[in-house]
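Please open the model in your viewer and keep the selection tool at hand. The tour below moves from stop to stop, saying at each one what to select and what can be found there.

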Amino acid sequence: MNIHVMAKDTLEAQGVRWMIESHLPGIQLMVWDSMEEFSEAVQNERPDLVILDMDSWTKNSEGFCELLQRYRIRWLGLSSERIFQTAYRALRFRAEDVIFRPISPEDLKKHIQQIRYQTRNDHKFFSNQTGNKVAAYTIDYPDLFLLDKNRSYPITMVAFLTPNPEALPLVYDALQRYSIPGTHKLFALSDFILCVQENERIESIREIYHSFLSRWKDRMDEPLAILINIDSSKGPLKKTYQQTRQLTKRVFFEGYDIILEENKQLDPLEMDPFLTPLEQRQWIEMLETRNIKAIREWVEREFLTYDRPYPDPEMVRIRLTSVLAQIRRHMKAYNLQSLSLEASYHEVFKQIVHQSVIYQIVQELLTFIQKLLLQVQEQIQDGPRTLVEKVLEMIESNYWDAGWNLAACAEGLRMNKSTLSRRFSAESGQTFRTHLHQVRIREAKRLLQETDISLDEVARLIGYAHQTYFNAKFKQYVGSTPLAFRTGVKR
C-alpha cells in the first residue's frame, strides 16, 4: 500500500511516518511539505491513500481534493478543530474520515487497515467482472418504479431520512465513503437515500448501521433515521421499494436518531380524521373555560399515544387541522386577530402540513393554544367592550375580503344579523354598510397616494371585486373618480 502525507508541521509529519511504519510494516510512505510537489507526485504515482492537513485549507486545497476524486484516490483529513466547517469540507470532498489532534496511533492504524481492506476488495471486484457480485450492480432506478419481474436473490433495503432535504447530499456522500460490506447500490431520491444490498445476518446489519449512525452523530448535528427492511421473498424489487417507502412513515411517530427494523408489512390503522359532534362540543367547552390542562391532556392522549400499526400520517394531519378549525372559530368569536396571533396561527398550520415528526407538531400546537388563551384572559380582564367597538375592530380586520359582509360579522359575534344591524345603527349613528364603505375608501385613498399600483389592483386590495363598482363608490364618498384623485385633476 502506498501512502502520501502532507502535514503543516514537518515534525508532526515525521511522527505520522513513525506511527504508520512501526504499526503497519510493508507500507510505502512519502512525506511532503510543498503543496505543488505533493500535487504533482499524487498525479504521477496515484497513491492508495493521501493524508492531508485540513487546518491550512485554501482554494488550492479544494482543487487538490477534486483531483483526488477524479483519480478515485482515498484520503484522510487531519485537523485540530472539531467544527462544522471541517466536517462539511470532509463530507463535500468525500474524505474517508477526519482524525483530530492529538493523533492516536491506534485510531490511525484502524483507519489505514480499513482502507487497505477496501482497496484490496476494489481490486478483486474490478479484476473479476464475471462473478456473482456484478449481478446486483445491474439494479437501477427503473427497477424501483417500473419493473415487476421477480429477482433470484433476497435483498435488504435501507432508507436514510433527515427532516432537512438539503442534508440528503451529505448523507449520500457519507454512505459512499462508508465501508458497507457485500454488494450494494445507493439511490438518491427526493425525500430519502436508499441502499439496496444483498442480505446479511440481521446482527451484522444492525452492527453496520448502528456504527454508521454513531459516526454520523459524531460529525454532524443533523437528525438521521435509518429504516431497515429485510425482504427474503425474492419478489419484484418494485414491491419491496413500495413497502420500504410505506415503512418510512414510522418516522412521523417515532422520530429521528433511531434505527427501525421491519420484516413484514403492516396495513395502516383505519381512523376517522374529523372531529365528531361530541368532540367539537368538547373543544368549544374547553376553549370557552380556558381549561389548558384539559386541552393538553386531550391533545397528548389523542396524538402521542399511537402504537403499531400506526395510522397514515396524512390522516393524522387532517385530524390536527380539524382541531385547528375549532381554534379558528374561537379566535373569530373573541375577535382575536392581531398580527402576532395570525402569524402564530399560520405557523402552526404550516407545521401540521410539513413537520416530519408528530410530537413537534403537538408541541407547537399547545404553545399556540396557551398563548391564545392568555390573550383571551387579558382581554376579559380589560373589561367588556361595546358592540360598536367590537364591530369596528372586525371591519378593520376584514374590509379587504370582498366576501366579508354583515352576515359574516354577525356569525363571528354569534348574533342575529338583523339584531346586529339594528343595534349598530342605533349606537353608532350610521349603518354597518356605510362604515364598511368608508373604511375601504379610506384605504383606497392611501393606496392611490402612496403607490403606483393599477386601479384594478387597488379595488381588489380593499375588498371590491369589480373596478366599476369601486369607481362608483369612490366618487360617491370622495366626489371624484379614483384616477382624478390620483392625478389631482378635477372631474
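Select Glu279 and Arg319, whose side chains meet in a salt bridge with 2.7 Å from N to O; a salt bridge here is a side-chain nitrogen of Lys or Arg within 4 Å of a carboxyl oxygen of Asp or Glu. Glu279 lies in helix α12 (residues 277–288) and Arg319 in helix α14, so the pair ties together parts that are 40 residues apart in sequence. Helices (H or I, at least four residues) and strands (E, at least two) are DSSP runs, numbered from the N terminus. Glu279 counts as buried at 17% relative accessibility, and Arg319 is buried as well, with a relative accessible area of 4%. Buried means under 20% relative accessible area, exposed means over 50%, and partly exposed is in between, with a 1.4 Å probe and protein chains only.

Before going on, note that this is a predicted model, in which local features need pLDDT of at least 70 and side-chain atom pairs count only at pLDDT 80 or more, while totals for chains, interfaces and linings use all residues. Residues are numbered from 1 along each chain as its sequence is written, and side-chain values use heavy atoms, with hydrogens and water left out.

Stay with helix α14, which spans residues 313–333, and select Ser322 in it. Ser322 is buried, with a relative accessible area of 12%. If its neighbours within four places in sequence are left aside, Ser322 is in contact (heavy atoms within 4.5 Å) with Pro273, Phe274 and Leu275.

For another salt bridge, select Lys293 and Glu297, where the closest N and O atoms are 2.7 Å apart. These two residues are 4 residues apart in helix α13 (residues 292–303), and are therefore separated by about one helical turn. An α-helix has 3.6 residues a turn, so residues three or four places apart point the same way. Lys293 is exposed, with a relative accessible area of 56%, whereas Glu297 is partly exposed at 41%.

Now move to Arg245 and Asp191, whose side chains also meet in a salt bridge, this time with 2.8 Å from N to O. Arg245 lies in helix α10 and Asp191 in the loop between β7 (184–188) and β8, so this pair ties together parts that are 54 residues apart in sequence. Arg245 counts as partly exposed at 28% relative accessibility, and Asp191 counts as partly exposed at 34%. In total, the structure holds 27 salt bridges, and Glu12, Asp53, Asp55 and Arg101 are linked in a network of them.

Select the whole of helix α10, residues 237–247, and colour its buried residues, which are Leu237, Lys238, Thr240, Tyr241, Thr244 and Leu247. What do the buried residues of α10 pack against? They pack against α7 (141–145), β6 (155–161), β8 (193–198), β9 (225–231), α11 (250–254) and β10 (258–262).

From that list, take β6, in which 7 of its 7 residues are buried. Ile155, Met157, Ala159 and Leu161 lie on one side and Thr156, Val158 and Phe160 on the other, so that both faces are covered. In a regular strand the side chains alternate between the two faces of the sheet. Strand β6 runs antiparallel to β8, joined by 6 bridges, and Phe160 stands opposite Ile193 in β8. Strand β6 also runs antiparallel to β9, joined by 7 bridges, and the partner of Val158 there is Ile228. Two strands pair if DSSP finds at least two bridges between them.Next, select Leu146, in the loop between α7 and β6, which counts as exposed at 62% relative accessibility. Tyr141, Phe145 and Leu146 form a nonpolar patch on the surface, with about 300 Å² of accessible area together. Patches are made of residues with over 30% relative accessible area and no salt bridge, where like charges are joined within 9 Å and nonpolar side chains (Val, Leu, Ile, Met, Phe, Trp, Tyr) within 5 Å. Accessible areas come from the Shrake-Rupley method with a 1.4 Å probe, and for residues only the protein chains shown count as cover.

For the last stop, select strand β5 (residues 97–100), where Asp97 and Ile99 on one side and Val98 and Phe100 on the other are all buried. Strand β4 (residues 74–79) pairs with β5 in the parallel sense over 4 bridges, and Leu76 stands opposite Asp97.
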